[in-house]
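Please look at the structure before reading on.

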Amino acid sequence: MSKVVTMIPVRMASTRLPNKPLLDVNGKTILQRVYENVKACVPGDIIIAAGDQVLVDEAKKFGAEAILTDPSLPSGTDRIAAALKEIDPDGTKYDIVVDFQGDGLNVDPKVNLDLIEMIERTDCDIATCGMIFKNEKDVCDPSMVKICMGLRGNEKEGRCLYFTRAAAPYIRNPEKCQNKDFYHHIGIYVFKASSLQKMVSLPVGVLEARESLEQLRALENGMTIRAKIVDNMKLIDEAPADINTPEEYEEALKWIK
């Protein structure tokens, strides 16, 4: 059985919602709620990869283990890799690393169980997930990242060939095309531990810089990413999946008790 660790990257800096991880949601901070949701269903150790000492202190209050990382690290991926290096310096303690975002208080952590199984079954470097776009207008929205992969029939899983902000893949002959679905990438990742460390050691990729999508660095360097198409990723359908704006915070207060 694989040795799994879930890393929750979190930092205080947020231009749209100051002090976001410590905001109270009906009696518990966002950080505590995320941690408790993960602890309830994902096996293995759980570590908070914190960019600020105040978050380490908060984690101790509710009994979580936290590692203080450099606040200037450029991404959550770099943050979890740095924390992993602290707790597993020789790379032998863990096989698989789950990256669970610290603001995803309404994301169902159970989705990661399928991604862990996908890595164990296929030996891919990275597992992620997506959803079928329901609104055609969203396909043209560059803030909504698309996964390009060749799924047939009722297939729900496949190898990711590319990620893009463009509306892709293009349908040249709609009348002959059997699968016209577009896949919205959901930024949930599970890594082989060795693949995580390899990815953060590589220089920023050409396509990564062009599209501002760090997963393209892995693809440019021959790493394999597989994605599972899911129908739902929320614990409570009415509440926002994660918290990025004051409006989403106010909406979460209505539903998350």
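Strand β11 gives the largest share of the lining of the largest pocket, 6 residues. The model is predicted: local features need pLDDT of at least 70, side-chain atom pairs count only at pLDDT 80 or more, and totals for chains, interfaces and linings use all residues. Residues are numbered from 1 along each chain as its sequence is written, and side-chain values use heavy atoms, leaving out hydrogens and water.

**Largest pocket**
- The volume of the largest pocket is about 1,800 Å³.
- Of its 50 lining residues, Q101, D103, G187, D242 and N244 are the closest to the centre.
- Two or more lining residues come from each of β1 (4-10), α3 (76-87), β7 (126-132) and β11 (183-192).

**D103**
- D103 sits in the loop between β6 (96-99) and α4 (111-122).
- D103 counts as buried because its relative accessibility is 14% (buried means under 20% relative accessible area, with a 1.4 Å probe and protein chains only).
- The D103 side chain makes a polar contact with the K20 side chain at 3.0 Å (a pair of N or O atoms within 3.5 Å, one able to donate a hydrogen and the other to accept it).
- Beyond neighbours within four places in sequence, D103 is in contact (heavy atoms within 4.5 Å) with K20, I30, V34, A241, D242, I243 and N244.

**Strands β4 and β5**
- Strands β4 (residues 45-50) and β5 (residues 65-68) run parallel, joined by 4 bridges.
- A49 stands opposite I67 in β5.
- With helix α2 (residues 53-61), β4 and β5 make a right-handed β-α-β unit.

Notes:
Buried < 20%, exposed > 50% of the residue type's maximum accessible area, 1.4 Å probe, protein only. Pairing = 2+ DSSP bridges. Right-handed = clockwise from strand over helix to strand, strands pointing away. 1 Å grid on protein atoms, 1.4 Å probe; cavity = no way out; pocket = protein on both sides within 12 Å on 5 of 7 lines; lining within 4 Å. Points joined across faces, edges and corners; volume = space filled by probe spheres on them.
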